[in-house]
Amino acid sequence: QVQLVESGGGLVQAGGSLRLSCAASGRSFSGWSMGWFRQAPGKEREFVARISWIGGGTYYADSVKGRFTISRDNAKSTMYLQMNSLKPEDTAVYFCATGPRWDYWGQGTQVTVSS
């Protein structure tokens, strides 16, 4: 079993920045990618970004490319999402996930961007 705990959400004005963290613990997950997803009210959960745990290759949704940066610290078993130039449409609950088929999820952290 893998446990994921997100933190770092909050309220920020448009144009501002936040950094989310996802701390992982439990069984070995070093062979899996980790990712961020988000879900806005009344909308389906959508992919934001992912990073491979080995090699650090990254991939982003078009909507956040150039504004968000995903990274990880293997020694701390922690993944980050640096969010810059935030827009009101980025408002959502942000989740981190991992596993062969995104089997493990955190509880989510709320990000609210005011206009």
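These are my notebook entries on a predicted model of a protein, from the whole chain down to two residues.

**Ground rules.** I number residues from 1 along each chain as its sequence is written, and side-chain values use heavy atoms, with hydrogens and water left out.

**Elements.** I looked up the secondary structure and found zero helices and eleven strands. Helices (H or I, at least four residues) and strands (E, at least two) are DSSP runs, numbered from the N terminus. Read from the N terminus, the order is β-β-β-β-β-β-β-β-β-β-β.

**Overall form.** I checked the radius of gyration, taken over C-alpha atoms. The protein has 13 Å, which agrees with the value near 13 Å for a compact globule of 115 residues. The globule rule is 2.2 Å times the number of residues to the power 0.38. Along the principal axes, the C-alpha atoms fill a box of roughly 40 × 25 × 20 Å.

**Burial and surface.** I found that 43% of the 115 residues count as buried. Buried means under 20% relative accessible area, exposed over 50%, and partly exposed in between (1.4 Å probe, protein chains only).

**Contacts along the chain.** I took contacts (heavy atoms within 4.5 Å). Of those between residues at least 6 apart in sequence, 52% join residues at least 24 apart.

**Arg-67.** I located Arg-67 in the loop between strand E6 (58-60) and strand E7 (68-73). Is Arg-67 buried or exposed? Arg-67 is buried, because its relative accessible area is 11%. The side chain of Arg-67 reaches the backbone oxygen of Ser-85 at 3.0 Å. Setting aside residues up to four places away in sequence, Arg-67 touches Gln-82, Met-83, Asn-84, Ser-85, Leu-86, Lys-87 and Asp-90.

**Gly-56.** Gly-56 counts as partly exposed, because its relative accessibility is 22%. Which residues does Gly-56 contact, leaving aside neighbours within four places in sequence? I noted Ile-51 and Arg-72. I also checked Ser-71, 15 residues from Gly-56 along the chain; the two C-alpha atoms are separated by 7.6 Å.

Methods. Predicted model: local features only at pLDDT ≥ 70, side-chain atom pairs only at ≥ 80, totals over all residues. Polar contact = N/O pair within 3.5 Å; in protein donor to acceptor, adjacent residues only side chain to side chain.
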